[in-house]
Amino acid sequence: MFHPERPYRCAPGVALRPERFGALAYDFRTRRLSFLKSPELVRVVTALGDHPDVHAALDAAQVAPGRRESCLRALAALAASGVVEARGEQMPERAA
């Protein structure tokens with residue numbers, strides 16, 4: 001499950017190849033190819049490892065407020081496919 005309040009990174013076995021539309025992400029472990037369909041999303045994915053959580057990476061990539069939900073959905077799909085992965089072991093506390 002994707003938790004944007006956690007730190008993430010581009011998975012080590014994934015290579016990004018810039019394209020006009022965004023980038024191709026190739027996972028050398030699974031041989032799966034994924035499409036990052038905007039340069040904005042590429043900026044976020046490359047920034048993930050340098051920030052304490054996904055929201056900070058969105059800020060650093062200057063994602064407009066109206067585009068954040070779309071980016072979060074795309075990142076959740078990338079996490080489900082293994083292109084991005086959580087860093088660290090601690091899960092955030094959930095409110096009861």
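**Close-up views of a predicted protein model**

Of the 96 residues of the protein, 36% count as buried. The model shown in these views is predicted.

**Figure 1. Overall fold and dimensions of the predicted model.** The protein contains 3 helices and 5 strands. Read from the N terminus, these elements follow the order β-β-β-β-α-α-α-β. The C-alpha trace spans about 40 × 30 × 20 Å along the principal axes of the protein. The radius of gyration is 13 Å, which agrees with the value near 12 Å that a compact globule of 96 residues would have. When contacts between residues at least 6 apart in sequence are considered, 55% of them join residues at least 24 apart.

**Figure 2. Surface and charged side chains.** The protein has an accessible surface of about 6,000 Å². Carbon and sulfur atoms account for 54% of this surface. Among the side chains, 14 are positive and 11 are negative. The centres of these two sets lie 8 Å apart.

**Figure 3. The largest nonpolar core.** This core comprises 24 residues. The members that touch the most other members are Leu36, Val44, Leu48, Val54, Leu75 and Leu78. Two or more residues are contributed by each of strand E3 (22–27), helix H1 (39–47), helix H2 (54–60) and helix H3 (68–81). Helix H1 gives the most to the core, with 5 residues.

**Figure 4. Surroundings of Leu36.** Leu36 is one of the core residues that touch the most other members. Residues up to four places away in sequence being left aside, Leu36 touches Leu16, Phe21, Gly22, Ala23, Ala25, Leu41, Val42, Val45 and Leu78. One of these partners, Leu78, is likewise listed with Leu36 among the core members that touch the most others.

**Figure 5. Ala61 in the loop between H2 and H3.** Ala61 is placed in the loop that lies between helices H2 and H3. The residue has a relative accessible area of 5% and is therefore buried, the cut-off for this class being under 20%. Ala61 touches Arg43 and Val44, when residues up to four places away in sequence are not counted. Val44 is itself among the core residues that touch the most other members. The C-alpha atoms of Ala61 and Val42 are separated by 9.0 Å, with the two residues standing 19 residues apart along the chain.

Terms used. Residues numbered from 1 in each chain as written. Predicted model: local features only at pLDDT ≥ 70, side-chain atom pairs only at ≥ 80, totals over all residues. Heavy atoms only, no water. Helix = DSSP H or I, 4+ residues; strand = E, 2+ residues; numbered from the N terminus. Rg over C-alpha atoms; globule rule 2.2 N^0.38 Å. Buried < 20%, exposed > 50% of the residue type's maximum accessible area, 1.4 Å probe, protein only. Contact = heavy atoms within 4.5 Å. Areas by Shrake-Rupley, 256 points an atom, 1.4 Å probe, with all protein chains shown as cover. Lys, Arg positive; Asp, Glu negative; His and termini not counted. Charge placed at Lys NZ, Arg CZ, Asp CG, Glu CD. Core = buried A, V, L, I, M, F, W, Y, C linked by side-chain atoms within 4.5 Å.
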